[in-house]
Amino acid sequence: MSTELSEDACRERYAELLRGELRALSDAGDQTEADRRPVVLDQQSVGRLSRMDALQGQAMAVAMQGRRDARARAVAAALERLDTGDFGWCDDCGEFIGVKRLDLDPAVLRCVECAR
């Protein structure tokens, strides 16, 4: 890697950061598992508006988990790129993405110019 960072320096700098983010995403998903379960219809204990609130809360929790799952896939792909030596290179132009951009989001796939 003839860039601002050597391949070993990239691996050392970003591997633990990416693994930590993956653990945090998994933990957040585990903590909100009950919120994503289907809302049980019980007209005796829950009024119509309370049920609507519960359904909305459940839908928001499902949507948030979808975003966490997408981010987890991006982070896992970045870890795979670290292992194969492709980490830090723009998917479009092939240039090094840059340390500042990678520091903001290590899972990013494109340099600033190609992202525009």
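This is a predicted model: local features need pLDDT of at least 70, side-chain atom pairs count only at pLDDT 80 or more; totals for chains, interfaces and linings use all residues.
## Helix α1

Helix α1 covers residues 7-31, 25 residues in total. From its first C-alpha to its last it reaches 36 Å, close to the 36 Å expected at 1.5 Å a residue.

## The largest nonpolar core

The largest nonpolar core has 17 residues. Those that touch the most other members are Tyr14, Leu18, Leu82, Phe87 and Leu102. At least two residues of this core come from each of α1, α2 (48-84) and α3 (99-104). In soluble globular proteins, nonpolar side chains tend to be buried together.

Leu102 has contacts beyond its neighbours within four places in sequence. With those neighbours left aside, Leu102 is in contact with Tyr14, Phe87, Gly88, Phe96, Ile97 and Val108. Two of these partners, Tyr14 and Phe87, are named with Leu102 among the core members that touch the most others.

## Aromatic pairs

A pair of aromatic rings is described by the distance of the centres and the angle of the planes. The model has 2 aromatic pairs. In one of them, the rings of Tyr14 and Phe87 have centres 5.3 Å apart and planes at 45°; planes under 30 degrees apart would count as stacked and over 60 as edge-to-face, so this pair is tilted. Tyr14 belongs to helix α1 and Phe87 to the loop between α2 and α3, so the pair ties together parts that are 73 residues apart in sequence. Both Tyr14 and Phe87 are buried.

Trp89 and Phe96 form an edge-to-face pair, with 5.6 Å centre to centre and 75° between the planes. Trp89 has a relative accessibility of 25% and therefore counts as partly exposed, since the buried class is limited to values under 20% and the exposed class to values over 50%. Phe96, with a relative accessible area of 15%, is buried. Phe96 is also among the contacts of Leu102.

## Ala76 and Arg19

Ala76 is a residue of helix α2. Its relative accessibility is 36%, so Ala76 counts as partly exposed. Ala76 and Arg19 are 57 residues apart along the chain, and their C-alpha atoms are separated by 8.3 Å.

Methods:
Residues are numbered from 1 along each chain as its sequence is written. Side-chain values use heavy atoms; hydrogens and water are left out. Helices (H or I, at least four residues) and strands (E, at least two) are DSSP runs, numbered from the N terminus. The expected span of a helix is 1.5 Å times one less than its number of residues. A nonpolar core is a set of buried Ala, Val, Leu, Ile, Met, Phe, Trp, Tyr and Cys residues joined through side-chain atoms within 4.5 Å. Buried means under 20% relative accessible area, exposed over 50%, partly exposed in between (1.4 Å probe, protein chains only). Contact means heavy atoms within 4.5 Å. Rings of Phe, Tyr and Trp (its six-membered ring) pair if their centres lie within 6.5 Å; planes under 30 degrees apart count as stacked, over 60 as edge-to-face and the rest as tilted.
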